[in-house]
Amino acid sequence: MLSPPPSPPPPPSPALSTAGSRSPPEKKQKLNEGDGDGDGDKGQSGDLSAESDSDCEIQEDTIAPVMKYYLEGICPCCNQKVDKALWQRYRQQIKESEGFDIKYEDCPSGCSMVTIWPMTGYLNNPENVKELEDYAQKALDTYNAREGTKYVVEKILKVNGSGCHDFHFYITLTVKTSDGEKLYFQAKVVRSLEGSLDFPVVRPRAKGDKDIW
C-alpha cells in the first residue's frame with residue numbers, strides 16, 4: 001500500500017494531520033483535466049495559501065485578521081510568541097512560487113495556519129515515487145495534447161503538499177523531449193477524496209534548474 005502524504009514538519013498540526021493520514025482511495029482520472037492557464041495568478045494575491053480552488057481553502061478575508069496576530073508576533077491558536085520573520089519568509093515563498101518552492105527551514109511547524117508544506121522524506125519510498133511519476137505523466141499528457149509535444153517524465157525532484165479534503169501535490173520534475181533534451185517542469189495535481197485527479201497547473205519551471213530547494 002502506498003504511504004499516505006505526511007503531515008507538516010513536526011510537531012504535527014491537528015488540523016493538518018487528518019489529511020496527511022488519509023489512506024489513498026481508488027484513483028479515477030477526470031476527463032476534463034486542464035493545464036491551468038487560469039490558475040497562474042492565484043498565488044499573487046499575497047494570501048497565506050495559493051489554494052483558492054480547495055474546499056478547505058482559507059480565504060483572504062479570513063486570513064487577514066488571523067495573520068495580523070502572527071505579524072504582531074502572537075499565535076492565535078495558543079497565544080504564544082511566534083517568529084515573525086519566519087512567517088514572513090514562508091508567506092513570501094508561497095506568494096512567489098505559488099506553493100512549489102518552500103524551504104523546509106522556513107516552514108513553521110505545529111500550526112494549523114501552515115497550508116502548504118515540503119513533503120520531506122516522501123520520495124524515499126519507491127512506491128511514492130512511482131505514484132507521483134504516474135500523476136506527473138498524466139499531467140504532462142494534458143500539456144502534450146495542447147502544445148503538440150511528446151514530453152515524458154524523467155525524474156521527480158521534490159514535492160510539496162496541501163489539503164484537508166482534496167489533497168494537492170506540488171511536483172517539481174524534469175522531463176525529456178522527443179529530441180532527448182531535459183527540461184524542468186512544475187505540475188500541481190489535485191487528488192479528490194473520491195480519488196479523481198485534476199491538473200490545474202502544468203508548465204515549464206520559470207527558474208529552470210535554479211533554486212530547487
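1. The buried residues of α4 pack against β3, β4, β5 and β6. Contact here means heavy atoms within 4.5 Å. Buried means under 20% relative accessible area, exposed means over 50%, and partly exposed is in between (1.4 Å probe, protein chains only). The buried set in α4 is Asn 128, Glu 131, Leu 132, Tyr 135, Ala 136, Ala 139, Leu 140, Thr 142, Tyr 143 and Asn 144. Helices (H or I, at least four residues) and strands (E, at least two) are DSSP runs, numbered from the N terminus.

2. A word on the source. This is a predicted model, in which local features need pLDDT of at least 70 and side-chain atom pairs count only at pLDDT 80 or more, while totals for chains, interfaces and linings use all residues. Residues are numbered from 1 along each chain as its sequence is written, and side-chain values use heavy atoms, with hydrogens and water left out.

3. Now the overall plan. The protein has four helices and six strands. From the N terminus on, the elements run α-β-α-α-β-α-β-β-β-β. Buried residues make up 45% of the 213 residues. Take the contacts with a separation of 6 or more: residues 24 or more positions apart account for 57% of them.

4. Back to α4, and its length. The helix has 22 residues, which should span 32 Å at 1.5 Å a residue. The expected span is 1.5 Å times one less than the number of residues. The end C-alpha atoms of α4 are 31 Å apart, which agrees.

5. Look at both ends of α4. Asn 125 caps the N-terminal end, with a side-chain oxygen 2.8 Å from the backbone nitrogen of Glu 127. After the helix comes Gly 148, whose phi is positive, near 75 degrees.

6. Which residues have the most contacts inside the largest nonpolar core? They are Tyr 90, Leu 132, Leu 140, Phe 169, Ile 171, Leu 173 and Phe 185, in a core of 37 residues. α3 (84-97), β2 (116-118), α4 (126-147), β3 (152-162), β4 (167-176), β5 (182-191) and β6 (196-204) each supply at least two residues of this core. The core also draws at least three residues from each of domain 1 (61-115) and domain 2 (122-204). A nonpolar core is a set of buried Ala, Val, Leu, Ile, Met, Phe, Trp, Tyr and Cys residues joined through side-chain atoms within 4.5 Å. Domain bounds come from an automatic or database domain assignment.

7. Leu 173 deserves a look. Not counting residues up to four places away in sequence, Leu 173 touches Ala 136, Leu 140, Val 153, Lys 155, Ile 156, Leu 157, Leu 183, Tyr 184, Phe 185, Gln 186 and Ala 187.

8. Thr 172 is in strand β4. Is Thr 172 buried or exposed? Thr 172 is buried, with a relative accessible area of 0%. Beyond four places in sequence, Thr 172 touches Phe 100, Asp 101, Ile 156, Leu 157, Lys 158, Phe 185, Gln 186 and Arg 205.

9. Lys 182 is found in β5 and counts as partly exposed, at 43% relative accessibility. Not counting residues up to four places away, Lys 182 touches Glu 154, Thr 174 and Val 175. Arg 191 also lies in β5, but counts as buried, at 2% relative accessibility. The side chain of Arg 191 makes a polar contact with the side chain of Glu 131 (3.1 Å). A polar contact is a pair of N or O atoms within 3.5 Å; within protein, one must be able to donate a hydrogen and the other to accept it, and residues adjacent in sequence count only if both atoms are side-chain atoms.

10. Next, α3. Its 14 residues reach 20 Å from first C-alpha to last, close to the 20 Å expected at 1.5 Å a residue. Leu 86, Trp 87, Tyr 90, Arg 91, Gln 93, Ile 94 and Ser 97 are buried in α3. They cover an arc of only 160 degrees around the axis, which puts them on the same side of α3. The arc is that of the directions from the helix axis to the C-beta atoms. Asp 83 caps the N-terminal end: a side-chain oxygen lies 3.1 Å from the backbone nitrogen of Ala 85.

11. Last, check phi. Most residues other than glycine have a negative phi. Glu 98 is not a glycine, yet has a positive phi of about 60 degrees. Glu 98 is in the loop between α3 and β2 and counts as buried, at 9% relative accessibility.
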